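Subject: Handover of a structural model

Dear colleague,

Please find below the structure that I am handing over to you. My findings follow it.

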Amino acid sequence: MSDLEFDPLGTAGRLDHREDHAPGDEPVESAGHWVANANLGLGFSVILTAAAFVLASTHLIYAPAIPVALLVLAIAQMGVHLVFFLHITTGPDNTNNVLALAYGIMVVFLIVIGSIWIMSHLQANMMPMNQLMQMQP
Amino acid sequence: MTDHPLPAAVETVRRVREDPHRLGHRGHGHGPVEGAGHGMTGPARKRIIVGYGFWIFLLSDIVLFSCFFAAFAVQRGATAGGPGISQLVEMPRVGWETAALLLSSYTCGLSFAATNARNLLWTQIFLLITGLLGLVFVGLELFEFIDLASRGITPQVSGFLSAFFGLVGLHGLHVTLAGLWLLTMMAQLQVKGFRPEVVHRLICFNLFWHALDIVWIGIFTIVYLMGAVA
């Protein structure tokens, strides 16, 4: 045991099933549990990724629907990664992690949707470039 | 009909059945856990605090990426007479990049399984494979950028290309820095072994690597695949 960190109870390396858990971490489980999780995550991800590449490079579905289908597949795969690789669960030991994630997703949506919304309106209301050039002194 | 309370055992059975996780009642009926951050038992364990703090950092990093995604979405049509997104995409290369990063995420998860089993050899082997796959990814991206530059497609051509190189390049930079972190972790593991602080850093590294793969899902979908069908 090193003295690099403050650990008066000597419990720094251990986890208790009764306490909260950080993402990517779980109370003591057999190695098989982690390997099974990784296998499931890889399986689902391969299916979703392959589906996205197939949809984008063939004419399997109605062409205008392809971007929406790709977005749905991407969001599904992000969920798979969160559950099987980052070990975010719905359990009571994960409420803090899920709340932080929800706040992060909210900020991401505000930034992305807000930017697209505002800039598209600016674009629509902008004077055509040739008229703008005529107004230059 | 029953004025007197239920026997304690029946009461416990009823409580467990109605509320198996004892939401809002930490300690699962055993009182506050020493060092778990519940009640007045002091701060949570270092392992929890380090992992949770790094999770907060990761979310802020994802917010940073969302700004670059927003810039890309806004600038997507601003080609200024230069090449558009559909002329940039090479499907096979994107496919290989995605495969390399997804597999590296998988081996990274396996390395953490070996860490939990306290198996130094397999932890190092899987970390090495993770690093090599990351190297393949960065190499493919570097060749892509060199290829584009040789065709005169550089960031200063248009607003769209600035946003494209900014977003994809920022992710590539993250993977490169994560690769350096990975080498550092392998050296620390070899010298120090599975000390608590080394395991904490491994938890954080795993989170970082998986988060980079999540960001890549967004990039290959929104930038490349949606660009190819545009």
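Of the 137 residues in chain A, 24% are buried (20 or more other C-beta atoms within 10 Å of the residue's own; 12 or fewer counts as exposed and anything in between as partly exposed, with C-beta atoms placed from the backbone). This is a predicted model, in which local features need pLDDT of at least 70 and side-chain atom pairs count only at pLDDT 80 or more, while totals for chains, interfaces and linings use all residues. Residues are numbered from 1 along each chain as its sequence is written, and chains are lettered from A and ligands numbered from 1 in the order in which they are written.

Chain A has four helices and zero strands (DSSP runs, H or I of at least four residues for helices and E of at least two for strands, numbered from the N terminus). Its pattern along the sequence is α-α-α-α.

Between the chains, the contact takes 55 residues from chain A and 57 residues from chain B (two residues are in contact if their C-beta atoms, placed from the backbone, lie within 7 Å). On the side of chain B that touches chain A, the elements giving two or more residues are α2, α3 and α6 (196-229) of chain B. That side divides into 33 nonpolar, 17 polar and seven charged residues (Ala, Val, Leu, Ile, Met, Phe, Trp, Tyr, Cys and Pro count as nonpolar, Asp, Glu, Lys and Arg as charged, and the others, Gly among them, as polar).

One helix pair spans the two chains: α1 (residues 31-57) of chain A packs with α3 (residues 91-116) of chain B at about 170°, the axes being 9 Å apart (axes are lines fitted to C-alpha atoms, for helices over the stretch in contact, and angles run from 0 to 180 degrees between N-to-C directions). The angle makes α1(A) roughly antiparallel to α3(B) (over 145 degrees; under 35 is roughly parallel, 65 to 115 roughly perpendicular and the rest oblique). Their contact has 12 nonpolar, nine polar and no charged residues.

Within chain B, α2 (residues 46-75) and α5 (residues 159-192) pack at about 155°, with axes 8 Å apart. These two helices, α2(B) and α5(B), are therefore roughly antiparallel as well. Among the residues that meet are Phe68(B) and Phe72(B) in α2(B), and Phe164(B) and Leu167(B) in α5(B).

Leaving aside neighbours within four places in sequence, Phe164(B) contacts Phe72(B), Leu88(B) and Val223(B).

Two backbone values deserve mention. Most residues other than glycine have a negative phi. His87(A), however, has a positive phi near 60°; His87(A) is in the loop between α2 and α3 (95-125) of chain A and is buried, with 24 other C-beta atoms within 10 Å. Ala80(B) has a positive phi of about 50°. Ala80(B) lies in the loop between α2 and α3 of chain B and is exposed, with 10 other C-beta atoms within 10 Å.

Yours sincerely
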